[in-house]
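Q: Can we walk through this one together? I'd like to learn how to read its features.

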Amino acid sequence: MSVNLLIPTALRGFTNGQSQLELTGATVKELLSDLAQKHPDIAPHLFDETGAVRSFVNIFVESKNIKNLNGLDTSVNPGQTVTLVPSIAGGRS
Amino acid sequence: MNIADLIGHTPLVSLEPLAAPKGARVFAKAEFLNPSGSVKDRAAKAMIQAGLDLGLYGPDKILIDATSGNTGVAYAMIGAALGRQVTLYMPGNANFERKALIKAYGAKIVDTDPLEGSDGAYTAVKNESEKNPEKYFFPNQYNNPANPLAHYKTTGPEIWEQTEGKITHFINSLGTSGTFVGTARFLKEKNLSVKTYIVQPDSPFHGIEGTKHMASTIKPDIYDLTLVDGEEKVSTNEAIAVAKRLAREVGLLVGVSSGANVAAALRLAKSLDPAATVVTILGDTGARYLSEGIWGDSPES
């Protein structure tokens, strides 16, 4: 069973219009690696040149922001939902 | 005198300390000095006035619209002065200060899906307004001609006078596009050789609050592509870095979209003749972003 990743509208242009993806990984980091592997064009929009997640990207495991958990090392379990949300609400992103 | 009478007539400040030595002169319109803290006061006032004049905003009607924040704060302030109810549809991830300010003025907020951004808030408010048209006054800031007209009648003429007609380039980011469209239209009518540029986030997924990535979002009806002479792309990191410099080196505590505008204006000015005069907009106050921690805890961050 895989983890469900919800994609904001601003990034659906890089996921063939899909609003959610079934991905695998034991941590948020592994999940995002799986995302970047399956949809390589999305990577520069989420990560900076050093590979760190861009400062305005918030990642939630269920309703909890990973900043308040273990960051990218936060573990995810099959069947859980992970959401990518920009920290701002302008435009469509 | 009403609070809405204090809207506009903002100063034009020099950005000389940040400009390249051999480039054009750069100025910014201090729109964060409007009474609710952003450029949106001008459009909100004009759209409300048009609604009152046309009889669309009767005393028993509730003003509703979609906003990522600043227009909402402006509606809430003017609505309070008029003694009217205001309800705003905002993406759930709109920032803390904007929501707190809107509530402080006594307006209500309806949260919409953060994943859908401003387009989601717009769709939700449009549906609600169509369901109960008799209940609401829906200015519809993305499609209301009074929005760009406010800038055609005030922001444009003020910039023209403040530069004594010497402006050669105007550059600004887009939210509803009202500020850009109205100001650019006026300036080009005064002098056809004035060049008008837009600022765009470098990605559809960005952190430049209130700005629209045009290629990936619903195009506002008021947007006029024929006014666009060129485009400068700015990354979120660059916008934040310049917002920090504005606070620390010029004493201008302004928001991230102002950082984006100034970053783009400085880059444009560097490529121009020293005789050119570039003007951009400082759209909102940086006090509105304190909870986001973008200024960091130390001067190095």
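Q: Is K99(B) buried or exposed?
A: Relative accessible area decides that: buried is under 20%, exposed is over 50%, and partly exposed is in between, with a 1.4 Å probe and protein chains only. K99(B) comes out at 15%, so it counts as buried. Keep in mind that this is a predicted model, where local features need pLDDT of at least 70, side-chain atom pairs count only at pLDDT 80 or more, and totals for chains, interfaces and linings use all residues. Residues are numbered from 1 along each chain as its sequence is written, chains are lettered from A and ligands numbered from 1 in the order in which they are written, and side-chain values use heavy atoms, leaving out hydrogens and water.

Q: Which residue does K99(B) form a salt bridge with?
A: A salt bridge here is a side-chain nitrogen of Lys or Arg within 4 Å of a carboxyl oxygen of Asp or Glu. For K99(B) the partner is D111(B), with the closest N and O atoms 3.3 Å apart. K99(B) sits in helix α3 and D111(B) in strand β5 (residues 108-112), so the pair ties together parts that are 12 residues apart in sequence. Helices (H or I, at least four residues) and strands (E, at least two) are DSSP runs, numbered from the N terminus. D111(B) has 51% relative accessibility, so it counts as exposed.

Q: Where do R185(B) and D224(B) lie?
A: Their side chains meet in a salt bridge too, at 3.0 Å from N to O. R185(B) is in helix α6 of chain B and D224(B) in the loop between β8 (195-201) and β9 (230-234), so to speak distant parts of the chain, 39 residues apart. R185(B) is partly exposed at 31%, while D224(B) is buried at 17%.

Q: How many residues apart are E249(B) and R245(B)?
A: They are 4 residues apart in helix α7 of chain B, about one turn of the helix. E249(B) is partly exposed at 42%, and R245(B) is partly exposed at 35%. Elsewhere, salt bridges that share partners join K29(B), E31(B), R42(B) and E158(B) into one network. Over all chains, the count by this rule comes to 18 salt bridges.

Q: Now the interface. What is the area buried between chain B and chain A?
A: The size of an interface is often given as the accessible area lost when the parts come together. Buried area is that loss, with a 1.4 Å probe, summed over both parts. Between chain B and chain A the value is about 2000 Å², and carbon and sulfur atoms give 61% of it. The contact (heavy atoms within 4.5 Å) takes 26 residues from chain B and 24 residues from chain A.

Technical notes. Buried area = accessible area lost by both parts, 1.4 Å probe.
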